[in-house]
Amino acid sequence: MAGTIIPVTMPKFGLAMTEGKIAGWLAHPGDDISAGAELAEIETTKITNVYESPASGILRRQVASEGETLPVGALIGVLAEGEVTDDEIDSFVTTFQSEMATTGNDDKADGAVMPEIVTVGSRRIRVQDAGKGADGAPLLLIHGFGGDLTNWMMTQGGLAGQVRVISFDLPGHGESTKDVGDGSPATLAAITNDLLDTLGLARVHVAGHSLGGAVALELAKIAPSRVASLTLVAPAGLGDTINEAFIDGFINADRRKTLEPVLQMLVHDKALISRQMVDGIIRFKRLDGAMAALNAIARASFENGRQKENLRGVLERFDGRVSVIWGAEDEILPVSGAEGLPAKVAVHVLPDTGHMPQLERSAEVNDLLTATISA
Amino acid sequence: MSRKSFRQAINEALRQEMLRDPRVILMGEDVAGGQGGSSGVSDAWGGVLGVTKGLYTEFGPDRVLDTPISEASYVGAAAGAAATGLRPVAEVMFIDFVGCCLDQIMNQAAKFRYMFGGKARTPLVIRGMYGAGFSAAAQHSQALYPLFTHIPGLKVVIPSSPYEAKGLLIEAIRDDDPVIFLENKVMYDDEEDVPDEPYTIPFGEANLTREGEDVTIVAFGRMVNFANQAADKLAKEGISCTVVDPRTTSPLDSDTILDCVADTGRLVIVDESSPRCNMATDVAALVAEEAFDALKAPIRRVTPPHTPVPFASILEDLYMPNPAKIEAAVRSVMGYKAKQEA
């Protein structure tokens, strides 16, 4: 055999994923694939996402068929470089699958990092703590309005191999206490600061998405020495406007049919919004206290399509590294918020991307985050 | 969020509502003790199948009332208590026993709001076990939801899973009208992820557990799980089904059923209750009247035969709808060819 055979296996999107379904192949047998090219759409209970090829080569075999559900690590396809015969591919597939059957799925054993409830003052905060950093500060991830820690699943799943990554549900969200105080980013930042005390973390890199970006900025304001670097993903607090139809729709839509189009505003590729994602948000909204919390948070930050607070001043004073990542097609917080920032801020505008770059362009966002925190 | 059984989900809903609202009380035969009558431990069992376990210890005899074996008296008392300010949850154990207290439900509780010109509220929940599959014989196995659905003034809820049970029961307790809440006795050990916090699921909103293009399957209670199993198997053969769980038979989410039939053009209804005047006939009539033009094949119903539920387990198995019968019905509507006009 003069060539190389490269297995393509069911990826693990996020820490909780144990199996995935091939929603559709995006490459045909015989296609010459380069690393990073779109290979297949994979559907999990959380999200449907494009799987980018881990390597280059000719796609020789689609082992998994469309609609098939397989465990993480199972063989879904075969790439090959150079001269490889069909017989060699066949025997590779047979060998791989029989080894998988005997050794089982290693990911299952070590992959299930479960979130835990941490008590912070009078509140219960759900925290997911994964990965071990070498020496540097861990990375803290702050999600946005109406989200929860799973918004970061591709980030936490992707980076936990190299750094300790901590995500959590902001008060009012996910499985955290629904008491949000006045609901302002400043209050949420104070609670985040208390959470860091509770976790015994003196210094962290902070990434904040959307409203979580404003919380990150407030945290840098009240505890500047604690924040090693700031990565702001489509953040609130830097621009003037907010899509009021999204905020109102998110709060008021109470059925899948009405909520789905609202959630589709979040992403450029509308197919990313899965049925399970919509169901998950409906379930969250039906928890006692969730609606009151969302209303309080929205009232504190937004009014008639305007953002109430401008936090650009924080960036002037903050002396750590700052990067801003924004989708060019953001329908919630327009990308114009990335304009006119201080020169030291590294601004990355991603094309064909909506309000959720960490899900829509997870590989790029992970690379940018790695660059920021390892600098 | 943690994994909870159907039984635990119901227990947690009761407990959390009792903590939230002091007007919520429980009444019923053995809701405190069950078989612990002579054991000296007064909450030894918590109802015949352990659903109310621990609540007597936590809330005491003023709020967990073990009643005499007289449905007529305590269901009537619960209806009166509801009309005068409490929010009772009365358990009739096997819903078959409703025969002993139907007047209190049908002629009293269900009619108070209407007969008193809207001035009375009756925030009463009646819980009961329904369904066959337990070899509990004809007097302890019926699925009587069509009987209650028939009576204006009652709301009727049939949860299909632990998550559904908790949210729907909390909604029932907070509702200001009488609600019949039916628990399939075979499902008490079913488990799934259920939030630890209280939450509600609104009445009259169907849930789609599967979405497909070829056939709509409407199923109730335990039958939703059977329909899902059938749909998953059929999906592998290229037949894709939508499964509709109406959650409540009164109110009934007609819009969602009609929307789904408009999309698929074929309808199978799975109903564990006796076939005459049951929910399957009701939904079939709805679709025949409102969506006739959408239909590509006759409507098929999967129900038991019109007989009492057999005691012998072999006969009971034959009696019950199951995933194989649902699959066969789906295949038959898929294979339907209209007769050519002569």
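Helices (H or I, at least four residues) and strands (E, at least two) are DSSP runs, numbered from the N terminus. This is a predicted model, in which local features need pLDDT of at least 70 and side-chain atom pairs count only at pLDDT 80 or more, while totals for chains, interfaces and linings use all residues. Residues are numbered from 1 along each chain as its sequence is written, chains are lettered from A and ligands numbered from 1 in the order in which they are written, and side-chain values use heavy atoms, with hydrogens and water left out.

**View 1. The largest cavity has a volume of about 80 Å³.** On a 1 Å grid over the protein atoms alone, a cavity is a set of points where a 1.4 Å probe fits but cannot get out, and its lining residues have an atom within 4 Å of a point. Grid points are joined across faces, edges and corners, and a volume is the space filled by probe spheres set on the points. By this rule there are 3 cavities of 30 Å³ or more. The largest has 13 lining residues, and A:Pro185, A:Ala214, A:Gly237, A:Ser301 and A:Glu309 lie nearest its centre. Helix 5 (211-222) and helix 9 (290-301) of chain A each supply at least two lining residues, and helix 5 of chain A gives the most, with 3 residues. The lining of the largest cavity divides into 7 nonpolar, 3 polar and 3 charged residues. Here Ala, Val, Leu, Ile, Met, Phe, Trp, Tyr, Cys and Pro count as nonpolar, Asp, Glu, Lys and Arg as charged, and the others, Gly among them, as polar.

**View 2. The second largest cavity holds about 70 Å³ of space.** Of its 13 lining residues, B:Val51, B:Glu91, B:Arg127, B:Met129 and B:Tyr188 lie nearest the centre. Two or more lining residues come from each of strand 4 (87-94) and strand 5 (125-130) of chain B. Strand 5 of chain B has the largest share, 3 residues.

**View 3. Helix 7 (residues 256-264) and helix 8 (residues 275-285) of chain A have axes that come within 10 Å and cross at roughly 110 degrees.** Axes are lines fitted to C-alpha atoms, for helices over the stretch in contact, and angles run from 0 to 180 degrees between N-to-C directions. The two helices of chain A are therefore roughly perpendicular to each other (65 to 115 degrees). A:Arg256, A:Leu259, A:Glu260 and A:Leu263 in helix 7 meet A:Arg275, A:Val278, A:Asp279, A:Ile281 and A:Ile282 in helix 8 (contact means heavy atoms within 4.5 Å).

Conventions. Angles under 35 degrees count as roughly parallel, over 145 as roughly antiparallel, 65 to 115 as roughly perpendicular and the rest as oblique. On a 1 Å grid over the protein atoms alone, a cavity is a set of points where a 1.4 Å probe fits but cannot get out, and a pocket is an open set with protein on both sides within 12 Å along at least five of seven lines; lining residues have an atom within 4 Å of a point.
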